[in-house]
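Biologist: Please take me through one part of this model in detail. I would like the open sheet and the nonpolar core, step by step.

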Amino acid sequence: MIPWKALSGLLLLVSSLQQQTWAKESKGHVSVVIVGATGDLARKYLWQGFFQLYGEQVSSGHSFSFYGAALSEPEKGNPAMSEILKGLACPADVAPERCALLKDQFLKLSQYRQLQTAEHYAALNAEIQEQLKQEGLVEAGRLFYLSVPPFSYADIADKINSSCRPYPGVWLRVVLEKPFGHDYESALQLSKDLKKFLKEEEMYRIDHYLGKQAVTQILPFRHENRKFLDPIWNRHHIERVEIVMKETVDAKGRTHFYNQYGVIRDVIQNHLTEILTYVAMEIPVNRSSSEEILKSKLKLFGSLQRLGKGSTVIGQYQAYNSEVNEELNRTAEHISITPTFAGVAVHIENSQWDGIPFILTSGKALDERVSYVRVLFRNQVFCTQNVLSVHCKPKQIIFHIGQGNLKYPAFLVSKNLFKPQLPLSGWKEVTEYVNVSMFGQPLSEYYVYTPVAQMDAYAVLISHIFQAKRDSFVSTENLLASWNFWTPLLDGILHEYPRAYPGGADNANLLDFELQGKKVSFVHEAVVLLSPVQGGASSESFQITQGKYRTNEMVSAWAEELVSRLALDLHMAAEEAVKQSGQFHLALSGGSSPIALFQRLVLHHYTFPWKETHLWMVDERCVSLTDRGSNFKNLHDNLLQHIRVPYFNIHPMPVLVNQRLCVEEDGGPESYEKEMSRLINGTSLDWVLLGVGDDGHTASLFRGCKFDTLENKLVALTESPFKPHQRMSLTFSAINKAKNVRVIVLGKGKHEMVTQLSRVKDDPKKWPITGVKPSNGKLVWYIDYEALLG
């Protein structure tokens with residue numbers, strides 16, 4: 001008598017082999033091609049996902065071939081792919097005997113191919129056709145999974161289209177991994193390039209968060225519980241929605257990618273935004289229609305309010321810059337302002353959600369790894385005595401995506417809301433609670449549901465690709481709508497300095513932010529920094545720094561707060577000057593440091609007395625005023641075009657006279673000096689803003705300048721060691737006559753210079769900034785913590 005297990009295995013093997021011989025009964029043959037088959041993503045997720053797909057479909061009537069493809073020659077690619085396939089595993093509910101047979105058959109159906117040229121793709125096409133012919137199979141479809149950088153998508157799509165496209169009537173599906181562009185324009189161009197070779201229905205842009213089990217349940221949960229949710233799923237009952245993805249890991253090892261994208265492009269524009277659409281979109285009448293779901297998403301995008309800089313706060317963990325410089329081989333002076341943390345408030349302009357903030361938050365080097373959606377309801381019950389009554393407790397629905405204290409995916413509903421309907425299949429209610437709290441409440445305060453079997457997101461999505469469930473993927477229209485929404489914010493914060501944070505538990509409350517109206521800001525305006533002298537790493541070691549630097553007053557804070565303080569001081573000085581004399585004369589230096597100040601003034605100082613303000617230049621490069629390198633163009637683009645200042649109050653330096661740049665005979669410096677003498681009482685400027693270079697220069701006064709020849713001049717032509725070499729600049733005579741001089745120093749790249757300056761004696765020939773000594777005015781240094789402490 002044959003043992004049952006052996007018989008079961010024999011039947012399975014026969015069933016597997018029959019796929020290749022039952023051509024008439026077959027639903028068709030499917031060829032799967034993983035391009036980038038030996039890469040990290042394929043090793044961790046893709047081969048395992050396709051193996052699980054094969055296990056699910058082995059008895060469905062489909063037959064399969066699997067091709068692992070890469071640029072390497074077979075001698076190198078074959079061993080690498082074989083090593084990956086050895087590690088494949090079956091789901092826990094698959095018997096070992098069945099698993100062994102499935103794995104053996106899958107390995108026989110998998111082979112490596114070098115895919116680099118059009119000829120390689122043509123050879124693969126010929127091989128597929130020959131296999132179909134020899135085995136009498138009918139082709140059902142071809143699936144190409146492009147696990148490669150996006151810059152190669154169009155080229156590969158071209159080769160698939162020209163050399164490896166199946167015959168009409170056979171489906172083609174090409175899977176694309178993010179990022180899908182860097183902003184709206186790049187996403188649009190990529191979409192246009194792909195459209196030349198692939199139809200919309202042939203493209204599957206994958207966002208693996210849409211395969212997370214808790215995410216896949218958001219729409220079904222909303223549908224199954226409509227009788228409870230319809231009355232309360234709106235602005236009258238919901239206080240806010242939090243969509244959070246926190247990571248403890250840093251960006252080390254992938255800074256080449258991360259430094260170009262940052263946290264918003266990496267996870268918020270895609271993962272968290274897609275989740276937002278599932279929470280807030282209208283549920284289509286026909287939920288089985290991918291087209292209807294995608295239309296509903298697109299409609300929601302049309303209702304999103306435009307994001308401004310005030311919609312977000314950004315941060316960067318302290319070790320990030322050193323990681324970037326090490327991995328990208330940058331100099332110590334290089335400073336990246338790529339954010340590694342962001343909190344964004346999104347608002348929706350429709351009758352259902354008007355006024356309700358959707359808080360999207362993500363960051364690296366945080367205190368825990370966790371992802372969730374939290375819908376917090378208003379609690380309109382006021383408990384007079386028994387505040388521990390169930391009616392007094394928070395009311396919330398949580399879609400717990402993963403990690404955190406609760407290790408498994410789940411959705412949780414406060415017991416003082418309603419008892420939800422159990423999902424149709426694959427989920428179970430949790431009745432034995434572990435000792436875990438969720439947002440201050442023990443699990444026993446919730447109805448908790450979790451999957452019967454946990455599945456990897458890629459395995460879920462690979463199954464959806466095979467089933468052509470397009471609503472689990474990102475369409476071209478929705479992709480462009482998302483980028484159209486996020487690009488203005490990304491452009492707006494391009495030059496913003498993120499708040500530095502130490503990383504991990506030591507962040508304490510440093511990254512807490514609040515919403516006032518529709519503006520997001522960090523809770524603690526006076527930010528503190530860990531003092532390296534203390535040597536500790538606890539939040540108690542932080543202190544506010546304000547004191548003396550080179551015997552002059554110094555203000556120091558994180559860059560954001562420092563700029564805020566500088567803008568406030570400038571505003572107060574302007575109002576005082578206008579009150580006393582009716583006008584305010586402000587001279588601004590070139591370079592990147594003042595940009596943050598300009599942006600702060602534009603967005604927050606609406607009552608600044610611009611009509612009474614004269615704007616002068618501290619220095620200028622000898623280029624056309626429309627040139628990108630012009631200090632005046634920098635001033636225009638970041639400040640002048642956004643404010644109302646009288647035309648005659650704007651005073652660019654005359655570097656272009658008689659169609660010539662900075663020719664001494666044309667008398668540009670003398671002309672500017674006469675204009676100053678005519679308009680400024682005693683040529684004493686009210687306020688001068690300076691920066692300082694790594695070599696100690698300020699304005700366009702550099703080492704080696706013949707300062708003794710400039711003593712009787714207010715404006716002079718100078719020579720820079722950097723291109724463009726010719727400059728025009730205020731002299732020490734003009735700067736030191738000012739009533740107020742401010743020097744702003746930002747960024748870790750200036751730390752060494754700040755340290756050196758703190759030790760040197762006054763020597764303008766070597767350190768020009770030391771020649772700034774207002775005769776009757778006040779000099780104040782504004783140095784951010786990174787520049788001060790490194």
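Predicted model: local features only at pLDDT ≥ 70, side-chain atom pairs only at ≥ 80, totals over all residues.

Modeller: Ten strands make up an open sheet of mixed pairing. Their order is β14-β17-β13-β12-β11-β7-β10-β9-β8-β18. At the edges are β14 (427-430) and β18 (499-501), each of which pairs on one side only. From one strand to the next, the twist averages 15 degrees.

Now to one pair in that order. Strand β7 (residues 238-246) runs antiparallel to β11 (residues 370-377), and eight bridges join them. Arg240 stands opposite Leu376 of β11.

Next, a helix on the sheet. Helix α15 (residues 476-492) lies across β8 (312-317), β9 (341-346) and β10 (358-363). The angle between α15 and β9 is about 125 degrees.

The largest nonpolar core has 192 residues. Phe144, Phe358 and Trp486 have the most contacts inside it. Helix α11 (residues 255-280) gives the largest share of this core, eleven residues.

Neighbours within four places in sequence are left aside here.

A second core of 38 residues is separate. Among its members are Ala70, Met81, Leu85 and Tyr145. In soluble globular proteins, nonpolar side chains tend to be buried together.

Key. Residues numbered from 1 in each chain as written. Heavy atoms only, no water. Pairing = 2+ DSSP bridges. Helix = DSSP H or I, 4+ residues; strand = E, 2+ residues; numbered from the N terminus. Axes fitted to C-alpha atoms, helices over the stretch in contact; angles between N-to-C directions. Contact = heavy atoms within 4.5 Å. Core = buried A, V, L, I, M, F, W, Y, C linked by side-chain atoms within 4.5 Å. Buried < 20%, exposed > 50% of the residue type's maximum accessible area, 1.4 Å probe, protein only.
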